[in-house]
Amino acid sequence: MSTAQRRIRVLMGKPGLCGHDRGIVLVVMALRDAGMEVIYSGRHNSPESLVEVAIQEDVDVLGVSILAGGHLGLCERLAKLLRERNAQDIVLLAGGFIPPEDIPKLKAFGVREVFRDGAKLEDIVQFIEQVAGERAAA
Amino acid sequence: MGDRLGGSADDYVAGILRGDRRSIARAISAVENETATGRAILRNIQRHLGRAQLIGITGAPGAGKSTLVSALIGEFLGRGRSVGVVAVDPSSPFSGGAILGDRIRMERHSLAERTFIRSLATRGHSGGLSRAVVAVVDVLDAAGFDLIIVETVGVGQSEVEIAEIADTRIVVCPPGLGDDVQAIKAGILEIADILVVSKADLPLADKTELDLRFMLSVRDPSARQPAIVRVSSVASIGITELADSIDARRDLGVGKRGIGSRARMRRLFAQEAANLLRRRMTSIESPALDALCDAVACGDIDHEQASLQAMRLVMEGCR
Ligand SMILES: Nc1nc2c(ncn2[C@@H]2O[C@H](COP(=O)(O)OP(=O)(O)O)[C@@H](O)[C@H]2O)c(=O)[nH]1
Ligand SMILES: [Mg+2]
């Protein structure tokens with residue numbers, strides 16, 4: 001029986017007000033080149049809409065890029081909404097301009113990993129492959 | 001029979017019928033990937049199908065399809081209808097990955113309760129793209145969506161085939177592409193029930209409409225005559241008229257309960273059967289088929305008779 005292999009699905013979005021999207025577009029292309037299906041939801045997404053889209057698209061990973069601050073509030077809200085929707089199995093990742101001292105707080109909220117500005121694309125790809133693999137095995 | 005997140009097919013079917021969004025979303029993944037759970041879900045929802053009207057929207061990249069879908073969602077929600085969307089984008093031929101960006105243009109409906117939007121990549125469906133799309137459409141149909149819109153890029157045979165399966169087929173022609181031939185070459189004008197001239201706020205839209213009318217006038221007069229509707233999604237021109245034309249087709253009986261799902265299954269059959277037949281008829285070693293070719297060439301038998309006979313031969317696994 002020929003059963004199609006499920007591809008890793010990732011939703012990438014930019015909550016909040018920051019306008020730059022060069023960084024996130026580079027990540028989106030790297031994930032595509034690694035064979036993943038990437039839903040790109042553009043800029044200015046509300047946390048509510050990101051979580052709803054993540055659910056509709058049945059993604060493994062929700063990645064958000066935050067460059068203009070507010071990451072603590074946004075990520076706390078995203079993690080809370082995922083739990084409220086019983087969708088905490090979707091892996092939440094954050095990237096962008098994030099001070100190192102905030103990383104433990106973000107992780108305490110439920111962000112699985114943080115990729116600060118300048119993180120290597122290969123590392124992001126590899127991390128997503130790893131967590132999606134764990135998810136598939138679960 | 002569970003899947004990676006522990007749901008059984010029965011759980012999913014119950015969730016789909018309740019309209020639970022996580023169930024719908026995961027069921028779509030299961031049927032798209034043709035898992036055992038996915039097949040069981042499809043089997044169990046069959047008797048809940050046939051209510052939705054299926055709309056296919058196709059056209060060149062950048063023609064304005066996604067923006068139009070967004071405008072149509074708004075229009076139909078306003079008419080009290082619920083709308084499911086399947087947005088198909090091409091996969092990369094190199095990595096098999098895909099960037100699915102159609103829903104950026106539909107963002108304002110992301111949180112609408114009576115809307116469900118799902119992005120689908122073209123690659124990796126062992127049973128073919130059309131079959132995968134029909135399976136996804138079935139899940140949305142069972143979930144009770146009144147209209148289901150499938151957006152595909154009108155290039156490549158498999159994409160055009162998807163539009164063909166729809167009850168109502170819309171081909172979007174943007175102004176200023178200059179090459180009217182493009183649309184004819186792809187053969188997509190032939191499948192249209194409704195031709196949309198998009199971006200009607202642009203000055204070149206007049207010329208595009210004239211070109212289309214001319215092309216239709218020089219076709220075989222017995223061919224189906226599609227309606228032409230001018231639309232601007234950004235200036236909100238023609239959206240009401242387009243929705244009216246779509247509704248008019250529903251009133252003709254297209255997409256009525258119990259009819260729609262069988263009709264699309266038949267069209268899927270027709271495509272798959274034609275593809276199967278083509279593959280076999282062109283590759284099979286058969287003296288009988290060779291003899292038939294000679295008979296047609298000599299004028300001993302006409303083409304239609306010969307085709308029927310050839311089909312019979314191929315189905316009997318001819319020698
Ligand atoms: N002027 C004008 N531009 C439009 C209209 N609809 C879409 N566009 C633009 O055309 C481009 C492609 O639109 P999109 O909906 O993504 O096209 P698709 O690739 O066919 O889905 C975008 O830049 C849109 O803003 C319209 O009605 N008028
Ligand atoms: Mg599009």
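A polar contact is taken here as a pair of N or O atoms within 3.5 Å; within protein, one must be able to donate a hydrogen and the other to accept it, and residues adjacent in sequence count only if both atoms are side-chain atoms. The model is predicted, with local features requiring pLDDT of at least 70 and side-chain atom pairs pLDDT 80 or more, while totals for chains, interfaces and linings use all residues. Residues are numbered from 1 along each chain as its sequence is written, chains are lettered from A in the order in which they are written, and side-chain values use heavy atoms, leaving out hydrogens and water.

With a relative accessibility of 2%, A:Arg9 counts as buried (under 20% relative accessible area, 1.4 Å probe, protein chains only). Its side chain makes polar contacts with the side chains of A:Glu37 (2.8 Å) and A:Glu57 (2.7 Å). Beyond its neighbours within four places in sequence, A:Arg9 is in contact (heavy atoms within 4.5 Å) with residues including B:Glu32 and B:Arg118.

Turning to the interface, 39 residues of chain A are in contact with 33 residues of chain B. Between the two chains, 5 salt bridges are found (a side-chain nitrogen of Lys or Arg within 4 Å of a carboxyl oxygen of Asp or Glu). One of them joins the side chains of A:Glu52 and B:Arg21, at 2.7 Å from N to O.

Methods
Buried means under 20% relative accessible area, exposed over 50%, partly exposed in between (1.4 Å probe, protein chains only).
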